[in-house]
Amino acid sequence: MRRIAILTDSNAGFAESEARDLGITIVPMPFFINGELCFEGSSLSQEEFYTKLEDEVDISTTQPAPGDLMDIWDKVLKDNDEIVYIPMSSGLSASCFSAISFAKEYDGRVQVVNNQRISVTQRRSVLDALALSKAGRSAAEIREILEREKLQSSIYITVDTLKYLKKGGRVTPAAAAIGTVLSIKPVLQIQGEKLDSYAKVRGKKAAKRTMITAVRKDIETRFADVAAAGQLAMDVAYTGNYEEALEWKSELSAAFPGYDIHMAPLSLSVACHIGRGALAVGLSKIVEV
């Protein structure tokens, strides 16, 4: 059997110990903070990131340098026949298309998955890839299966502040000012390529109710067959508000008993645009092996 290595980037939210236990390799995503290059999960912790974000230092995201990424691939291929690399959604970063371009130099030994995932849904794709690899699928087959199932997921997110959406141009300054006064909480959705608006409500409790309603609708409609077959995963994500996220997980467990809900911080690439205090829920089809 060919030896297949599964790689992803730090957007998938794996803790270092978990990645090590699973045998996956994590490519750290780079950031510039006041012009200084940092890496998620190594030189930059979650708490350090939020402190700097709130201090309004200059933070910008970028993609892994070609040489750094290919050095990782070269090292992994010394002990493996093929690589399946699952980066963040091509709709949210150019890093996916760049990786696809670099992979052409590897004669098919590196398969880059472009399946529009981020954070907890990206994590689920990595777990699917591991299961498919253990079942004897080739790297190319794993990529094809994951890309075929790419739209079988959703993430719903509510934010605590409109400040960062305003900064990124997703809401106007006037709308942000009015929304802050009225305690408007947008509910955003990632389904496919983009981060889109789903609903606008007053207060976080209403935002959580809206997300629960959206999840219930998905389970009863687009994921009905998947849920009935026990192939639907549910995950919680958050940005710097761990205790609040635990409460959110409990609310979801009460609303949807029977789901083993995993919880992880949202990637810093998303957190840059929404700030501290966000809550999210993700649904993903578990791929059949």
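# Aromatic pairs, cores and cysteines

Tryptophan 73 is buried, with a relative accessible area of 0%. This is a residue of a predicted model. What kind of aromatic pair do tryptophan 73 and tyrosine 106 form? The structure holds 6 aromatic pairs by the ring-centre rule. In this one, the rings of tryptophan 73 and tyrosine 106 sit edge-to-face. Their centres are 5.4 Å apart, with 85° between the planes. The pair links distant parts of the chain, 33 residues apart. Tryptophan 73 belongs to helix α3 (residues 66-77). Tyrosine 106 lies in the loop between α4 (95-103) and β7 (110-112). Tyrosine 106 is buried too, at 10% relative accessible area.

Phe31, Phe49 and Tyr50 form one aromatic cluster. Phe49 and Tyr50 also bring us to helix α2 (residues 46-54), where they are buried along with Leu53. Why do these three share a side of α2? They cover an arc of only 95° around the axis, so they lie on the same side of the helix. An α-helix has 3.6 residues a turn, so residues three or four places apart point the same way. Just after α2, glutamate 56 takes a positive phi of about 60°.

Next come the nonpolar cores. In soluble globular proteins, nonpolar side chains tend to be buried together. The largest nonpolar core here has 26 residues. Val215, Met234, Trp248, Leu252, Phe256 and Val281 touch the most other members. Elements giving two or more residues to this core are β10 (195-202), α9 (204-220), β11 (232-238), α11 (242-255) and β13 (279-285). The largest share, 7 residues, comes from α9. Which residues does leucine 252 contact, beyond its neighbours within four places in sequence? They are Ile212, Met234, Val236, Ile261 and Val281. Apart from this core lies another, of 18 residues, including Ile4, Val126, Ile145 and Val287.

How many disulfides are there? A search of the whole structure finds 0. A disulfide is a covalent bond between the sulfur atoms of two cysteines. Two sulfur distances are set out below.

| Cysteine | Closest cysteine sulfur | Distance |
|---|---|---|
| Cysteine 38 | Cysteine 272 | 11 Å |
| Cysteine 96 | Cysteine 272 | 19 Å |

A disulfide needs the sulfur atoms within 2.5 Å. For cysteine 96, 19 Å is too far for a bond. Cysteine 38 is in no disulfide. Are these cysteines buried or exposed? Cysteine 38 is buried, with a relative accessible area of 8%. Cysteine 96 is buried as well, at 0% relative accessibility.

Definitions and conventions:
Residues numbered from 1 in each chain as written. Predicted model: local features only at pLDDT ≥ 70, side-chain atom pairs only at ≥ 80, totals over all residues. Heavy atoms only, no water. Core = buried A, V, L, I, M, F, W, Y, C linked by side-chain atoms within 4.5 Å. Buried < 20%, exposed > 50% of the residue type's maximum accessible area, 1.4 Å probe, protein only. Helix = DSSP H or I, 4+ residues; strand = E, 2+ residues; numbered from the N terminus. Contact = heavy atoms within 4.5 Å. Arc of directions from axis to C-beta. Phe/Tyr/Trp six-rings, centres within 6.5 Å; stacked < 30°, edge-to-face > 60°.
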